[in-house]
Amino acid sequence: MGVAVSLPALLSQALAAYTIEFDNESEHRLPHRTSRHGATTASGPRPWLVSLVMWCNCMKYIGPDGVQFRELEPLARTHTNLPGMQRWGYVTVTPDSTHGDPKRPGPDAMVRATPAGRTAQEVWGPLFGVLDDRWRERFGDDAIAALRTSLSAIVDRVDLDLPDCLPILGYGLFSAGRHSGDTTFRPRHVETATPDADANLPLSALFSRVLLAFAVDFERVSKLSLALSANVVRVLNADGVRVRDLPSLTGISKEAVATSVAYLSKQGYVTVEAVPAPDRGQRLRLTAQGQHAQLDGGALINTVEDQWHTRFGTDAVRSLRSSLEPLVGDGTADSPLFGGLTPYPGGWRSAVRTPTTLPHYPMVLHRGGYPDGS
C-alpha cells in the first residue's frame with residue numbers, strides 16, 4: 001500500500017487545481033496583458049493578469065463608490081498587495097489629507113476600481129459558480145455534495161474568522177503568526193455563528209479556510225512555515241537535490257523555489273553548492289538542522305491531524321479525508337484533478353512546462369497570488 005497523502009497536501013492540491021482552472025478561465029474571458037504574451041486584442045483597458053486570491057483579498061470588497069482603506073482589510077480578513085493592484089491597473093487610491101504617499105495610504109484613503117477593475121469584477125464574480133458546476137459535472141453531484149459537507153463541518157467549528165482565500169505569504173513564507181506580516185486572525189464565536197452563512201461559499205473558500213486553520217495550528221509550533229516544510233524541505237536530502245529539479249518535484253514555480261532557497265540558506269537549513277561539470281547549476285543539501293526540521297515537520301503534520309480528531313471529531317476528519325482522496329489521488333499527473341488543468345491555447349500556462357505534481361501547500365506570493373508562486 002502507498003503512503004497516505006497528508007491532510008494539508010490533499011487540501012492544498014485540491015485548492016491549487018481549482019485555482020488554476022479558475023485562472024485559466026479568467027484569462028480566457030478577461031482582457032488583460034502579461035509579460036510573455038503582451039496584451040489581448042480586445043478593446044478597452046487591459047490590466048495585468050492576476051490570480052483568484054486578488055479577488056478574495058481586494059476586488060470583492062470594492063463597491064461602485066469605492067471603500068475606505070481602513071475598511072478593506074477587515075472586510076477581506078487578510079491583507080492585499082495594494083501597490084500591486086494599483087500598478088497592475090485594477091484600482092486607484094486617493095490619499096487622505098494626512099498621508100500623501102499612495103503606496104502607504106492613510107486610513108481614510110479611498111480605494112476605487114478602475115474601468116479595468118470593474119470589468120474584472122464582472123468576470124470573476126460569476127466564475128465561482130461556473131467552476132463549482134464543472135466540478136459537480138466532472139466528479140459527480142454526490143461526491144461534491146459529500147466534499148462540501150465534510151469541509152463545512154470543519155469550517156463551522158473553527159474558532160477564527162478566516163478569509164475566503166489563503167493570505168499572501170509573509171517573511172519566511174508563513175501564512176499566520178509571528179513572521180507572516182499578517183494581523184492575527186480575529187476570534188470567531190462558534191456558538192453564535194450561522195452555519196448557513198458558510199453553506200453557499202465556493203469550494204475554493206471552503207478549501208482555503210480549512211487549510212489555513214491547519215496552517216495556523218502547525219505554525220504556532222513550528223520554526224518553519226508549512227509552505228516551506230511541505231514543499232521544498234520535504235523533497236530534500238543530505239545527498240543533495242539539483243535546484244532546477246525542485247519545480248517538478250514540488251509543483252511550485254522557479255520564483256517560489258528561489259524565495260524558499262534564499263530563506264532556508266540564510267537560516268541554516270540548507271547548503272547551496274555548485275554542481276560539478278558536465279552539469280551546471282546548483283545543488284541543495286539539507287544540513288543537520290535541516291534534517292531535523294524535515295523530520296519535525298512531517299511529525300508535526302501528523303500530530304496536528306491527530307489533534308483535529310479530538311478537536312473536530314474522528315468522524316469529521318475521516319469524512320474529510322474520504323471525500324478528498326478520490327479527487328486528489330496522489331497529486332501527480334495521474335490525479336483526477338489534472339482533468340481540469342489543460343489551459344486554453346495561447347494562455348500563458350500553455351507556453352510553460354506542464355506540471356507533474358501540485359503543491360503540498362500553495363505558494364501565494366505578492367507577485368499576483370498564483371497558487372504555485374508563478
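**Entry 1: core**

I started at M59. Leaving out residues up to four places away in sequence, I found M59 in contact (heavy atoms within 4.5 Å) with M54, M85, Y90, V91, A113, G117, Q121 and W124. A note on provenance: this is a predicted model, where local features need pLDDT of at least 70, side-chain atom pairs count only at pLDDT 80 or more, and totals for chains, interfaces and linings use all residues. Residues are numbered from 1 along each chain as its sequence is written, and side-chain values use heavy atoms, with hydrogens and water left out.

Next I looked up the largest nonpolar core. A nonpolar core is a set of buried Ala, Val, Leu, Ile, Met, Phe, Trp, Tyr and Cys residues joined through side-chain atoms within 4.5 Å. Buried means under 20% relative accessible area, exposed over 50%, partly exposed in between, with a 1.4 Å probe and protein chains only. I read 114 residues for this core. M59, Y90, W124, W135, F207, W308 and Y361 have the most contacts inside it. Helix α8 (residues 203-219) gives the largest share, 12 residues. In soluble globular proteins, nonpolar side chains tend to be buried together.

**Entry 2: first sheet looked up**

Helices (H or I, at least four residues) and strands (E, at least two) are DSSP runs, numbered from the N terminus. Two strands pair if DSSP finds at least two bridges between them. I traced an open sheet of 3 strands, ordered β3-β5-β4, with antiparallel pairing. β3 (67-68) and β4 (91-94) are at the edges with a single partner strand each, so one side of each lacks a neighbour in the sheet. β3 and β5 (residues 110-113) are joined by 2 bridges. I checked Q68: its bridge partner in β5 is M110.

**Entry 3: another sheet**

I then traced an open, antiparallel sheet of 3 strands in the order β6-β8-β7. Which strands stand at its edges? β6 (241-242) and β7 (270-274) do; each has a single partner strand, so one side of each is without a neighbour in the sheet. β7 pairs with β8 (residues 282-286) over 5 bridges, antiparallel. Within that pairing, A274 has Q282 as its bridge partner, and V270 stands opposite L286. β6 and β8 share 2 bridges, also antiparallel. There I noted R242 with R283 as bridge partner.

**Entry 4: L169**

I placed L169 in the loop between α6 (141-155) and α7 (195-199). Buried or exposed? L169 is buried, because its relative accessible area is 10%. I also checked A227: 58 residues from L169 in sequence, but 8.6 Å away in space, C-alpha to C-alpha.
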